[in-house]
Amino acid sequence: MAPSFDHLREEDLDEEDFDVDEVDISDLREKYEVQLEQGYDTFVVIDGLPEVTEEQKPKLVKFLLKKLNTVGKTREDLIFMPMGEDGKSLRFAFVEYSSAAEAAAAVRQLDLVALDKKHTLRVNKMTDVDRYGREGRIDDEYTPPKIEPFQEKEHLRSFLADPSGRGRDQFVQYKGETVGVYWNNEKDQPDAVVERQHWTEAFVQWSPLGTYLTSVHAQGVQLWGGPSWSRQRRFPHPFVNLVAFSPDEKYIVTWSNRPISIPDEGHPALSLDDDGKNYVIWDIETSKPIRSFAQLDTPAAVDEHGVKKPQKFPWPAFKWSADSKYVARLNQGSSISVYELPRMNLLDKTAIKIEGVMDFDWAPSTPQRDGVKTYEQLFCFWTPEIGSNPAKVGLMSIPSKQIVRTLNLFSVSDAKLHWQSDAAYLCVKVDRHSKSKKSQATTLEIFRVKEKGVPVEVVDTIKDTVINFAWEPKGDRFVIITTTEPVAATAVPPKTSVSFFCPEKAKGNTVGNFKHLRTLEKKNSNAIFWSPKGRFVVIATIHNQQSSDLDFFDLDFEGEKPESDKDLTANLQLMNTADHYGVTDVEWDPSGRFVASWASSWKQQMENGYHLYDFKGEQLREEPVEKLKQLLWRPRPPTLLTKEEQKTIRKNLREYSRVFEQEDAERINSADVAVVEHRRRVLEEWYAWRAVTEEELAEEREDLGLPADPVADLLKAKTAALSLDEEEKVIEEIMEEVLEETEEIVN
Amino acid sequence: MRPILLSGHERALTQVKYNRDGDLIFSTAKDQHICGWFAHNGERLGTYHGHQGAIWTVDVDPTSTLLASGSADNTIRLWDVKTGKCLKTWDFPTAVKRVEFNEDGTKLLGVTEKRMGHLGTIVVLDIKVDVEAEQSDEKSLTIVCDESKATVAGWSYLSKYIIAGHEDGSISQYDAKTGDLLYNFPIHELNNPVVDLQWSQDRTYFITASKDKTAKLISAKDLEVLKTYTADTPLNSAAMTYKKDFVILGGGQAAMDVTTTSARQGKFEARFYHKIFEDEIGRVRGHFGPLNTVATDPTGKGYCSGGEDGYVRVHQFDKGYFDFMYEVERERQNRVA
């Protein structure tokens, strides 16, 4: 839709103070005069219609009417389609609606709607056409747009160059009303990079590559970055609740539970089209909205007592493909809408219909299937049993929309989709119920996406319900947590078991079958945190009042391997167990060297603060932080080194580590020297201060004619008084001391 | 360092105090009587009966002749240490939260509560250090705290200033002769009351404890903050050790904030910090409620703490304590010697 008078921008209006009566506005009056009595407000102009002859015309009108009546009321005789002299239509039509509101709705909803594959409707208000299109309103001369002179911007990735040359990672900490970014200093106090009061109103969030720090306010979202932590972008989505980025940081999705309402005086970034919408997708480069969406009405869920549950909004509602070329939204039960970036148009102008679809997920990296040369992105989805049709899990290739693989399943009560980070595997965790629906069991259906024909392997040795699952990043092992009872809201959560799985050893370049490695029983653990580099994993108990263990495991332990595991590609070893009372969150730093665990005051009030561990589980730091809300490591973009360069580094690791170890030792030494030096100074200062104070005090006493010790004389006097009263007594005290003790047994 | 447990009180302790010789300990609790104890073995010397309400505070004059106490029954009472006889009672419109003798025991200050239309005040009474003498009824000075009520107060060296800690976290310095306010500095975090104030031996500096989880060492002359000790729990009391450069902080989550889930939650430990370096050195566990008050032996041999749990724990320092020294301290000692 063309911009209309209704949403003239605020900045276009002159706000200077002047006497209204003095201004001659006759020219403006003429320009913006709206003649209501003409009644053109109920008319819209439709462009982009196909060319039709007189005979085809009624057919088109009828077809059009169907579309037009979705937003308001109109009749066949209220559509006027002018015909050209050659007997063919002029490809546009006038339509009268029964009210101006309906006409406005038509403009809002039908503009840019596809009529068929070739034709897209353009709908404008009659009055707008008149206002903007009238002769003289459009300048015939072309005036080139003014290009702003180039201005140097701040280096947004400067944070990757640690000034101390140690490749440290940063983290953001949100406590009380303060947000601060710090360098992690392992055992020492973190160095503050920046600290600001009231930086955010709701929460903070890093962009996926760590470039921006997001702050969330009632007025919208702001992005911060660069060495000076200046504001980089603003996205004024009022009352925004949640924010999500595309993986390449090009786009951002904002969501508010409250539909956007554009005030009469307009909105600086959003237009009237965005009125009533909940989601806005923005281009980060230009800070402009690309498209906005309203909330989908999901059928209100009803529990077994017939009570309506509050509507749930899945987040992220818009899921991005690995390369951010596509973004898709689930319309639960019916379809998946895939949009193409950067235009945000619906792929092939239609949503992908999948009956009953419950959930979907994009492959987290661009898949490389065996024998597939063309570009593709994959997503997987699942549908439940409908009637006599089995439940299905499917893999769809985009943009071809071909279904690459489907799998039929029976007695499914729920399914969860878990991609491995390289998109090499997809594990579908299927919760199955027995015929009586009384007992539950879980099977894992593992799709080997990279292998020819996408074979599926089933792990069905699990007797209990799986409550958590996690793939090793960039690896092929996984951890599950199971429990015997279904998870319910009980005061004491049931005991859980942690199981490790890995592939068998196989010949050549292939990956063997997934085998059970070990199960640890009678645990309380409920969360799995893999190192971003794989190999190490932390199994934690979080959100638990009674226990709060963190178990650090190594899956490639270099020590002796048990005989039973000799055919498996893992050697499991528990390295350490830590305890962090009240822990609510755990996160690895992006380098995989450190683990931070923290207790957030959002989730519980006690002992808020964080612990820092190295990858082995050795505690480096413990800091109680009053009202700690968030602690998030700053992500890093992927390395720029080639595979070969990385290999060389790995080969020469010993050389590097020698240098680093030396540096560390020196730093610690100099730190120790500095501490001692500091103490020496503090001690000297203290004694100097004492000397001065004591001297002053002595002088003052002398001036006042007081004795040096205020009490000595008093005590003497008292002692004297006492000895007057009583006779002097001699007190004898007998002390016995055992010098030696020997015991002899006399026969 | 096996502590002596003094279980003479039935309710939460409010203050413990050593006499100047370090051989007696006086303790007050909310259970309406004062106890006197022998410090070296924990035997009870006696009790002082007469108050009709929770007793908030106690102090003994430097010659261990007189004992003063302040109570929620709106009185300050003066006692004969030796006989337990109540020598004098002064009545006030509100409860008395703190009493303290000056350095020669000739003056006594009292801090009264703000309540029922009465502003908080600091009053000064002249004392004759003699059990036979008639004590004066008249207050020799009254300081009215109209900004924020005083919670604690004490006498500086030479009885030159009265230093008061306030409910809003500030510290004031008053001229002890005229009662004029000389300074008022916001030293602790705003609206975190100063809950304890104890003196160095020569009364040239003092330590304050506050609910803002810090204790501060402050110079009496210009109210300059010399040191800050940060704990992880709200503090109730702070004391300096004599002979060694340490401070002892006591605190713990208030009873209403403690949950029942974890025993380690309460942080009911006495914390030792190095007075000069501000480092935490160690903790002493034992109480099963917050520590309401700590006091140190003026001869430097031990300390005692009184808790919400109703017990006083008397500790004698052992050899390790006296031997402990930072490298730089030893250095200095060797140089001086």
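What share of the contacts in chain A with a separation of 6 or more is accounted for by residues 24 or more positions apart? Such residues account for 47% of these contacts, two residues being in contact if their C-beta atoms, placed from the backbone, lie within 7 Å.

## Basis of the model

This is a predicted model, in which local features need pLDDT of at least 70, side-chain atom pairs count only at pLDDT 80 or more, and totals for chains, interfaces and linings use all residues. Residues are numbered from 1 along each chain as its sequence is written, and chains are lettered from A and ligands numbered from 1 in the order in which they are written.

## Chain A: overall form

Chain A contains seven helices and 41 strands; helices (H or I, at least four residues) and strands (E, at least two) are DSSP runs, numbered from the N terminus. Its radius of gyration is 37 Å, whereas a compact globule of 747 residues would have a value near 27 Å. The radius is taken over C-alpha atoms, and the globule rule is 2.2 Å times the number of residues to the power 0.38. Along the principal axes, the C-alpha trace of chain A spans about 140 × 85 × 60 Å. Of the 747 residues, 27% count as buried. A residue is buried if 20 or more other C-beta atoms lie within 10 Å of its own, exposed if 12 or fewer, and partly exposed in between, with C-beta atoms placed from the backbone.

The domain assignment divides chain A into domain 1 (5–133), domain 2 (461–579) and domain 3 (647–704); such bounds come from an automatic or database domain assignment. The centres of domain 2 and domain 3 of chain A, taken over C-alpha atoms, are 44 Å apart. An unreviewed UniProt entry carries the annotation "domain: RRM" for residues 42–128 of chain A; UniProt positions are given in the numbering used here, feature names are shortened, and annotations may be inferred rather than shown by experiment. That span, residues 42–128 of chain A, is 30% helix and 18% strand, with its end C-alpha atoms 12 Å apart.

## Chain B: overall form

Chain B has two helices and 28 strands. Its radius of gyration is 19 Å, close to the 20 Å that the globule rule gives for 337 residues, so chain B is as compact as a globular protein of that length. The C-alpha atoms of chain B fill a box of roughly 55 × 50 × 45 Å along the principal axes. Buried residues make up 51% of its 337 residues.

Residues 6–47 of chain B are 0% helix and 52% strand, with end C-alpha atoms 13 Å apart. For residues 48–89 of chain B, the composition is 0% helix and 55% strand, and the end C-alpha atoms lie 13 Å apart.

## Nonpolar cores

A nonpolar core is a set of buried Ala, Val, Leu, Ile, Met, Phe, Trp, Tyr and Cys residues joined through C-beta atoms within 7 Å. The largest has 114 residues, and Ile336(A), Phe379(A) and Phe381(A) are among those with the most contacts inside it. A second, separate core of 86 residues includes Leu108(B), Ile171(B), Val195(B) and Ala270(B).

Ile171(B) lies in strand S16 (residues 170–175) of chain B and is buried, with 25 other C-beta atoms within 10 Å. Beyond four places in sequence, the contacts of Ile171(B) include Ile163(B), Phe185(B), Val194(B) and Leu223(B).

## The contact between the chains

The contact takes 20 residues from chain A and 23 residues from chain B. On the side of chain A that touches chain B, helix H6 (653–704) and helix H7 (712–725) are the elements that give two or more residues. H6(A) gives the most, with eleven residues. By class, this side of chain A has 13 nonpolar, two polar and five charged residues. Here Ala, Val, Leu, Ile, Met, Phe, Trp, Tyr, Cys and Pro count as nonpolar, Asp, Glu, Lys and Arg as charged, and the others, Gly among them, as polar.

Helix H6 of chain A also holds Arg658(A), which is exposed, with 10 other C-beta atoms within 10 Å.

## Local backbone features

Two peptide bonds are cis: Leu341(A) to Pro342(A), with omega near 5°, and Ile398(A) to Pro399(A), with omega near 10°. Pro342(A) is in the loop between strands S18 (335–340) and S19 (345–346) of chain A.

Glu249(A), not a glycine, has a positive phi of about 65° and counts as partly exposed, with 19 C-beta neighbours inside 10 Å.
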